[in-house]
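User: I would like a close look at a single part of this protein. Please keep it brisk and take me through it step by step.

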Amino acid sequence: MTKRLRLTILCSAAVLAVAVTTYLVVAHGQHTHNTTAGTARAESGPLSSATVSFGAWMTTPPLDRFPNVSPPPANHHVLVPQVARIRAGGTVNFIIAGLHQVLIYDDGTKPEDINTSLIAPPPPPPLPQVPLIADPNRRIYRGPDPRVLLPVIDRVEVVHFAEPGTYLVICGVLPHFQEGMYGYVKVLP
Ligand SMILES: [Cu+2]
């Protein structure tokens with residue numbers, strides 16, 4: 001093998017090595033890009049999800065729900081915590097106790113922005129004729145009609161938040177909202 005031929009082979013090998021390395025770096029970069037950094041971050045760590053108690057059954061005085069009763073006066077109409085914090089791409093697990101409906105409004109919406117004169121159609125009797133707020137303006141999530149779920153109304157709804165912001169979460173049951181049953185989800189970047 002001549003000196004020149006050996007040099008040519010070495011140079012070709014070097015070029016090939018650079019090309020393969022470049023391809024691998026670019027391919028890896030695209031892979032990382034496709035998963036989106038925010039989602040990857042939000043799926044682990046303490047701010048990847050939050051739990052919000054949406055209503056609660058009181059124990060003073062003692063409450064006996066056996067075999068399957070949900071007495072309205074025994075229900076505490078609150079969101080706990082009132083402000084939940086997660087990162088963008090994370091989830092909020094609403095644990096719903098009692099006859100409530102989860103409504104979520106877009107970043108920056110205030111309780112006074114909600115048009116409470118817009119009410120969902122009543123369900124057929126003998127289902128309870130509880131009025132439900134049906135304002136679609138800036139609404140990003142509406143949970144199912146709890147009136148048709150009776151008698152099993154305790155449930156979980158998991159909601160995903162892709163974008164940062166401060167989201168208003170209210171109970172769609174009109175008298176509950178009017179007595180202050182609302183809170184917020186703060187989604188950090
Ligand atoms: Cu409620």
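Which residue in β8 is the bridge partner of Ile-104?

Analyst: The partner is Val-169. Keep in mind that this is a predicted model.

Now for the strands around that pair. Strand β5 covers residues 102–105, and strand β8 covers residues 165–171. The two strands pair in the antiparallel sense. Four bridges join them. The one between Ile-104 and Val-169 involves a residue of β8 on the Val-169 side.

Next, the sheet. Strands β5 and β8 belong to an open sheet of five strands. The order is β3-β9-β8-β5-β6, and the pairing is mixed. Read along that order, β8 sits between β9 and β5, while β5 sits between β8 and β6. The edge strands are β3, residues 83–87, and β6, residues 139–142. Each of these edge strands pairs on one side only. From one strand to the next, the twist averages 20 degrees.

Then the whole chain. The protein has three helices and nine strands. Of the 189 residues, 23% are buried. Take the contacts between residues at least 6 apart in sequence: 74% of them join residues at least 24 apart.

Last, confidence. The pLDDT averages 85 over the protein, and 78% of the residues score at least 70. Residues 7–39 are another matter: there the pLDDT is below 50. Beyond near neighbours in sequence, this stretch has four contacts in the model. Where pLDDT is low, predicted coordinates should not be read in detail.

Technical notes:
Residues are numbered from 1 along each chain as its sequence is written. This is a predicted model: local features need pLDDT of at least 70, side-chain atom pairs count only at pLDDT 80 or more; totals for chains, interfaces and linings use all residues. pLDDT is the predictor's confidence in each residue, from 0 to 100. Two residues are in contact if their C-beta atoms, placed from the backbone, lie within 7 Å. Two strands pair if DSSP finds at least two bridges between them. Axes are lines fitted to C-alpha atoms, for helices over the stretch in contact, and angles run from 0 to 180 degrees between N-to-C directions. A residue is buried if 20 or more other C-beta atoms lie within 10 Å of its own, exposed if 12 or fewer, and partly exposed in between; C-beta atoms are placed from the backbone.
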